[in-house]
Amino acid sequence: MNSQTATAEAQAASALDGDLLRVEGLVKYFPIKAGVFKHTVGQVRAVDGVDLTVRPGETLGIVGESGCGKTTLGRTIIKLLEPTAGKIYFDGRDITGFGRRQMRPVRRDIQIVFQDPYASLNPRMTVREIVAEPLRIHGLYHRQEGRRRVEELLRTVGLSPEHANRFPHEFSGGQRQRIGVARALALNPKMMVLDEPVSALDVSIQAQVVNLLDKLQDEFGLTYLFIAHDLSVVRHVSDRVAVMYLGKVIEVGSRKQIYEAPMHPYTQALLSAVPIESPFQRGRRSRIVLEGDVPSPANPPSGCRFRTRCWKAQEICAEEEPALVPRAGGDHPVACHFAEVMKPLELESTPVGQIGVEPPTTAL
Amino acid sequence: MPDPILQVKNLTVEFKTEDGVVHAVTDVSWDLAPGEILGIVGESGSGKSVSVMSILGLIPSPPGRIASGEALFKGEDLLTLPKRRLREIRGGPMAMIFQDPMTSLNPVLTIGDQIGEAITVHNPGTSDGDVKKRTVELLELVGVPFAERRVRQYPHEFSGGMRQRAMIAMAIANNPSILIADEPTTALDVTIQAQIVEVLKAAQRETHAATVLITHDLGLVAELADRVVVMYAGRVVELSDVFAMFDKPGHPYTVGLMNSLAKLDTDQGRLEPIPGQPPSLVSPPPGCAFHPRCQLSHGRAICRTEVPPLRPFAAGGSSHVSAGHVSACHFADELTAGHLQAEAAGPVS
């Protein structure tokens, strides 16, 4: 048994090959129950076969629209949700089958910061208790030292130690998010899963929190999995970016590859859909207006899941699911039969039209 | 500028709360020209929504109270109109599109019934056949596929984007001369946002309605607006033609907002956030409400003592003063295009 475990771990370690986190074929389905007896009548395929690697010290951004599975992916990776299938390797170990007790030491190394700073802090606990909680759970809180550690953590995230005795409701959204970050930092983790950490904040405050996360990464050599729908923020923080659609990663590459030479039609549409940054750019960026809505993850289209909204779709797209591999001379993986570089962010010197399907605008 | 279709003058709105009086909107004035798109930008709590909702008689009172001001629409002051007359105007010549179409549509009526109702309330005596025909036309105009069939569906059978289209169809049903859109794309995903922006453009082309676009998204303003009102802590801090504002922002808050945004099309070093927190509206800072966060004030006394009036300025010391571009900053003349002269002028805490 022991030797078996040892071999398995050795295999995992070699499989990691210097990666801090590796996810292979990760699947998370949620059952749909109906009727008096709560029969399972279907599955929501929130995450449906995701492969990812995260190297030590880097930030991997995960972008996608609501319902694409990015939040479920983050929560499954840190085992807040049990994976349906697939493997999760963290820091040289296969943690897929780990139970609560086995996960405890792993949780010291991998922490999460949630989107909503209003819901993720216990309103009855003081800031000191909130930040000290992970230390207490892991038996690392020792009176004087513990107090000092909490105060040091508050200073690290830009709050003052006097804040320690107050309650969450006394703080603004940005400050609450700092408290959440301090709590995540308490155990000196190697990696943080940041699930939409700034999207609930006002723009003038978002930049403060983004800069704080930047600073902490430099200071403590942290590795980030940064989940967000805001493409501009993801560009700013990420070294590499994975784009998700309906439970799958459809393109993954360096920041430069994804933003400056995206190859998947969905990535291209997503980038082109973001409002321009200045009125002087009006009509000088081609906009791909996609038809329709994201299909239900309970009943995804056959073949390529994006084909129902894709202007390039052919027969093969319905028949054969495109693998996430480098294509068409590119050197980053993209899951499209017709992958091709397009530069949706490049400005044209003369106004351009639209690609894709505009809503019918029959005159009245 | 042609004669404005709507004139808001010195609007002040307060809310009585347990913590004291919240000064949600203070001394706000702007004009809306026929056919233009006026963007009102600001962060949460800046008063952008409250200012417009109070004009429409849509703030709960109590606790809300319009303390002073006028809102002139075709010679009538909306703030003093009887409720009945205001109801005739809302949904008729002035129509609204809200952020969350799920809460603003009636879940137990079909989409067709709701659009039909919007038509018949303001045009009693329209025949059923005409109402139906017009409803389908409107849904087609806003890009709802299979409109004939979908008029019989309920809001829950529509996706978020489709619901927002239905809302827009309802808003333009009576050919409004003013369209008020409060965060019309905020609740939607980016690819759906892009669709709705196109629908809004189409709706505006179709009706030529003057549009008030309330948003926190500078990108949406850049994309759609002709003129912009920037609000901070319940006051207008800058009012400008959209091109002039992006070219030479006239208020340190506007500059701060632009600088703090992550950019989609370039790699940046560190972001430049606006330091500090938005102020309390119960006891806003004296003088200019932005002064505690301002990188241009340098602790000058006047910023703490006097509320700066909106006035034209000469950006970057140039002699060019644009009459339509006003800023409520004592030192707007010291701003250079897109930058604060913080370093040059002295230390900033």
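In which sense do β6(A) and strand β7 of chain A pair, and over how many bridges? They pair in the parallel sense, over 4 bridges. The model shown is predicted: local features need pLDDT of at least 70, side-chain atom pairs count only at pLDDT 80 or more, and totals for chains, interfaces and linings use all residues. Residues are numbered from 1 along each chain as its sequence is written, and chains are lettered from A and ligands numbered from 1 in the order in which they are written.

**View 1. Strands β6 and β7 of chain A.** β6(A) covers residues 110-113, and β7(A) covers residues 191-195. Strands (E, at least two residues) and helices (H or I, at least four) are DSSP runs, numbered from the N terminus. Two strands pair if DSSP finds at least two bridges between them. The bridge partner of A:Ile110 in β7(A) is A:Met191. A:Ile110 and A:Ile112 point one way from β6(A), while A:Gln111 and A:Val113 point the other way. All four are buried. Buried means 20 or more other C-beta atoms within 10 Å of the residue's own; exposed means 12 or fewer, partly exposed lies in between, and C-beta atoms are placed from the backbone.

**View 2. The contact between chains A and B.** Chain A gives 39 residues and chain B gives 45 residues. Two residues are in contact if their C-beta atoms, placed from the backbone, lie within 7 Å. On the chain A side, α7 (203-220), α8 (231-237), α10 (265-273) and β11 (287-289) each supply at least two residues. The largest share, 7 residues, comes from α7(A). By class, this side has 19 nonpolar, 11 polar and 9 charged residues. Ala, Val, Leu, Ile, Met, Phe, Trp, Tyr, Cys and Pro count as nonpolar, Asp, Glu, Lys and Arg as charged, and the others, Gly among them, as polar.

**View 3. A:Ile288 in strand β11.** A:Ile288 lies in strand β11 of chain A. A:Ile288 is buried, with 21 other C-beta atoms within 10 Å. A:Asp230 is 58 residues away from A:Ile288 in sequence and 18 Å away in space, C-alpha to C-alpha.

**View 4. The largest nonpolar core.** This core holds 210 residues. A nonpolar core is a set of buried Ala, Val, Leu, Ile, Met, Phe, Trp, Tyr and Cys residues joined through C-beta atoms within 7 Å. A:Val243 and B:Ala169 touch the most other members. Helix α8 of chain B (residues 190-207) gives the most to the core, with 9 residues.

**View 5. The open sheet of chain B.** Four strands run in the order β2-β1-β4-β5, with antiparallel pairing. β2 (20-32) and β5 (76-77) of chain B stand at the edges with a single partner strand each, so one side of each is left without a neighbour in the sheet. β1 (residues 6-17) and β2 of chain B pair over 9 bridges. B:Gln7 has B:Asp31 in β2(B) as its bridge partner. Helix α1 of chain B (residues 48-55) lies across β1, β2 and β4 (64-73), running at about 110 degrees to β1(B). Axes are lines fitted to C-alpha atoms, for helices over the stretch in contact, and angles run from 0 to 180 degrees between N-to-C directions.
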